[in-house]
Amino acid sequence: MTVGPGVRIGTFADAGSDASVIARSRDEPEAFAVLFDRHADAVHRYAARRLGGEVADDLMAETFTTAFQQRHRYDPDRGAGARPWLFGIATNLVGRHRRAEARRFKAMARVPIPADHDEPIADRAADRVGARAVRHELAAALASLSARHRDVLLLVAWGGLGYEEVAQALGIPVGTVRSRLHRARSRLREALGGSDPTALREVSDHE
């Protein structure tokens, strides 16, 4: 699989830090494949949870293609590796599908809860928030959030990023991240009857 011109997966497996890989890739484009090896699965999981598996493949590929094209603009002094940068690109791409994402969560709020053995990974958003009955309320609450609040919440919950990493990913101050996250959690907590929406980040693909 390729992620850009001349980039192939599986090369330079021990190339050092993300920053050093990106710096090297400016002269040796094939080295950029290391970033794919390290982070593609996480980006794909994040995209699948937000938009579904059918869209996730294309969005993940486009994320790395965009990153490859913009590698000369990467700031090696970020200090948090390439994850915030990549998740920021992915989130911007999700932005092209805002209506589809909202429709997805609204649909999840309406459909019956499937049996365990039939339940798709991307529909497990409420497993750690409490009883399985809250799944509908959670999906509806996610759909009701503004895009900027949903981005911050899901970068923390499903992307596993810290506050400073979210700030880097979205290009906003840490204080803004805290404010938006507090408001989003409050909205979800209210919709879930007091259940803790921060438990979203504990969702596992293997439950």
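Student: Leaving aside its neighbours within four places in sequence, which residues is Arg150 in contact with?
Tutor: Arg50, Arg98, Glu101, Phe105, Leu142, Ala143 and Leu145. Contact means heavy atoms within 4.5 Å. This is a predicted model, in which local features need pLDDT of at least 70 and side-chain atom pairs count only at pLDDT 80 or more, while totals for chains, interfaces and linings use all residues. Residues are numbered from 1 along each chain as its sequence is written, and side-chain values use heavy atoms, with hydrogens and water left out.

Student: Is Arg150 buried or exposed?
Tutor: Arg150 is buried, at a relative accessible area of 4%. Buried is under 20%, exposed is over 50% and partly exposed is in between, using a 1.4 Å probe and protein chains only.

Student: Which helix does Arg150 lie in?
Tutor: Helix H7, which covers residues 147–157. Helices are DSSP runs of H or I with at least four residues, numbered from the N terminus.

Student: At what angle do H7 and H8 pack?
Tutor: The angle is about 130°, and the axes are 10 Å apart. Axes are lines fitted to C-alpha atoms over the stretch in contact, and angles run from 0 to 180 degrees between N-to-C directions. H7 and H8 are therefore oblique to each other. Angles under 35 degrees count as roughly parallel, over 145 as roughly antiparallel, 65 to 115 as roughly perpendicular, and the rest as oblique.

Student: Which residues make that contact of H7 and H8?
Tutor: Asp151, Val152, Leu155 and Val156 come from H7, and Val166, Ala169 and Leu170 from H8. They divide into 6 nonpolar, no polar and 1 charged. Ala, Val, Leu, Ile, Met, Phe, Trp, Tyr, Cys and Pro count as nonpolar, Asp, Glu, Lys and Arg as charged, and the others, Gly among them, as polar.

Student: Now H4. How do the axes of H4 and H8 cross?
Tutor: The axes of H4 (residues 83–94) and H8 (residues 163–170) come within 7 Å and cross at roughly 55°. That makes H4 oblique to H8.

Student: Which residues of H4 and H8 meet?
Tutor: Pro84, Gly88 and Thr91 in H4 meet Glu165, Gln168, Ala169 and Leu170 in H8. This contact has 3 nonpolar, 3 polar and 1 charged.

Student: How many residues are in the largest nonpolar core?
Tutor: It has 51 residues, and Phe32, Phe64, Trp85, Leu86, Leu142 and Leu153 have the most contacts inside it. Such a core is a set of buried Ala, Val, Leu, Ile, Met, Phe, Trp, Tyr and Cys residues joined through side-chain atoms within 4.5 Å.

Student: Which helix gives the most to this core?
Tutor: H2, with 10 residues.

How values were computed: Helices (H or I, at least four residues) and strands (E, at least two) are DSSP runs, numbered from the N terminus.
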